[in-house]
Amino acid sequence: MQDVIVSMENVSKSFPGVKALDNVQFELRAGEVMALLGENGAGKSTLMKILSGVYTRDGGTVRIFGQEYGDMTPKQAQAAGVAIIHQELNMCRHLSVAENMFLGREIKGTFALNNAKMEEEAGRILSELKIDISPRQIVGDLPVSKQQMVEIAKALSINAKVLIMDEPTSALTAKEIDDLFRIIHQLKEEGHGIVYISHRLEELQHIVDRVTIMRDGQYITCRDFADMTMDEIIAGMVGREIKEKFPHVECEKGKKIFEVKNLNAGKLVRDISFSVYEGEIVGFAGLMGAGRTETTRAIFGADPKESGEIFVDGKEVKIRCPMDAIKNGVVLAPEDRKKDGLCTKLSIRQNLALPNLDLVCTGLGVVSRGKEQKLCDEAVENLRIKTPGVDIDAGNLSGGNQQKVVVGKWLARNSRVVIFDEPTRGIDVGAKVEIYNLINELKKQGIAVVIVSSEMPEVMGVADRIIVMCDGRITGEVMAKETTQNEILTLATSFENKKIASH
Ligand SMILES: Nc1ncnc2c1ncn2[C@@H]1O[C@H](COP(=O)(O)OP(=O)(O)OP(=O)(O)O)[C@@H](O)[C@H]1O
Ligand SMILES: [Mg+2]
């Protein structure tokens with residue numbers, strides 16, 4: 001058996017109104033991948049922030065390579081060999097890859113920084129990991145997946161032996177996930193210990209050796225992955241069994257509610273036409289970069305349209321900006337919660353009330369505290385947002401609970417059309433089912449629902465009809481009940497140039 005390199009015992013941590021960690025224990029061995037699992041708000045990120053010196057613990061012991069640490073600073077944790085890749089990536093977007101990797105420990109020359117040396121060193125580590133990125137590239141110009149690789153390279157450049165990855169795959173494509181897993185295997189071989197936090201349970205089998213499960217700030221169990229069934233893992237996380245992962249309700253298909261005709265907006269939205277009928281959920285499937293998010297943004301008026309018509313209940317509506325869309329009953333719960341979906345500096349109350357001011361105001365245009373409170377209470381209860389109150393900053397919520405607030409904003413309205421772009425990204429298994437139930441509720445009320453999702457089982461389980469996009473075009477339409485993953489994948493990869501080649 002490999003050496004224990006991290007052991008945490010009786011670790012506790014409270015925030016105002018929340019006991020985030022309650023006597024938690026955790027262990028990591030050299031050369032293993034330990035999955036750290038639990039529902040949104042269970043305390044996973046908090047525990048790992050303590051191990052990496054971002055937060056100080058209230059009590060308990062932390063040992064790294066046998067040495068006990070008290071109140072660690074991030075620098076001390078780094079020196080002890082711990083590196084964390086945060087759930088929300090935080091790099092300096094305007095600096096280069098090499099500058100980011102050496103931030104705070106720049107290599108100095110006689111007069112100025114030794115850029116050549118830093119770039120050389122960064123290049124060496126990147127190529128060791130077989131990552132194709134130039135050390136001179138500006139980080140903000142890289143896709144999220146590549147930024148993540150840079151974070152890993154940075155961790156290795158400081159000689160980290162304990163690598164914590166907090167939901168590393170939530171924004172990666174299938175190919176990028178393969179790359180990441182290859183790197184994780186390589187690191188494991190070299191004797192690194194890796195903590196892997198993820199809500200994508202289906203990917204665990206490819207990399208994980210052991211699992212630690214937490215619930216409500218408490219330690220539940222730690223076992224070999226091979227000895228557990230998926231149902232046992234889920235039951236450990238949510239404290240109950242989940243019978244139906246994709247609850248489905250049958251509704252009669254009614255009249256046409258929403259129609260998009262010949263929509264064009266840039267390279268990734270080309271001649272898009274589709275309709276949504278009463279009583280159905282339409283899913284958009286496709287690979288990352290297929291143009292699904294761009295399509296939703298153009299419909300919503302977040303990006304300009306070149307041409308196209310939109311109809312709600314048979315009437316043409318002109319949508320030039322999101323406000324036009326909202327007025328006409330069309331809303332969008334966007335993909336990138338940090339950029340578009342949530343004001344992290346505002347409270348949960350403000351986030352929920354802002355897009356619904358017309359609903360919470362009195363006739364005189366004054367916010368009615370009572371109406372606002374009701375709206376907030378309903379959102380917190382319906383989505384089980386884990387928070388001590390609605391007046392805390394949305395930024396202090398756990399990642400998944402932030403996502404619930406984004407979804408909650410739009411559920412309060414009497415909309416005609418609700419578009420969800422990756423609504424369950426970073427959301428735990430139990431809460432996913434709650435979101436599906438809410439989406440089904442909208443469907444039952446006769447609201448046209450569109451859901452964009454990169455998770456194939458999700459689109460197939462939730463939608464009635466699936467539209468597949470590739471390269472900015474619609475390449476096919478299938479009924480969820482009758483299709484297969486393979487059929488969708490074929491449509492999702494029918495690139496125009498491939499067709500030309502086969503002619
Ligand atoms: N800086 C903070 N201030 C106040 N409360 C916080 C802070 N950080 C975390 N919390 C609270 O601590 C609890 C645990 O949060 P944590 O982020 O550790 O959850 P998590 O298991 O990582 O969840 P997720 O899967 O959603 O990321 C939550 O109730 C959260 O709201
Ligand atoms: Mg977290």
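Tutor: Start with burial: a residue is buried if 20 or more other C-beta atoms lie within 10 Å of its own, exposed if 12 or fewer, and partly exposed in between, with C-beta atoms placed from the backbone. This is a predicted model, where local features need pLDDT of at least 70, side-chain atom pairs count only at pLDDT 80 or more, and totals for chains, interfaces and linings use all residues. Residues are numbered from 1 along each chain as its sequence is written, while chains are lettered from A and ligands numbered from 1 in the order in which they are written.

Student: Which residues in H8 are buried?

Tutor: Helices (H or I, at least four residues) and strands (E, at least two) are DSSP runs, numbered from the N terminus. In H8, the buried ones include Arg292, Glu294, Ile299 and Phe300. Nine of the nine residues of helix H8 (residues 292–300) are buried, so the helix is largely enclosed by the rest of the structure. Just past H8, glycine 301 has a positive phi of about 85°.

Student: And how many residues surround ligand 1?

Tutor: A residue counts as near a molecule if its C-beta atom, placed from the backbone, lies within 6 Å of it. Here 19 residues surround ligand 1, with Asn40, Ser45, Thr46, Ser398 and Gly400 the closest. Strand S2 (18–29), helix H1 (44–51) and helix H14 (399–411) each give at least two residues to that shell.

Student: Why does ligand 1 lie between domain 1 and domain 2?

Tutor: Domain bounds come from an automatic or database domain assignment. Both domain 1 (4–238) and domain 2 (256–502) give residues to the shell, so ligand 1 lies between them.
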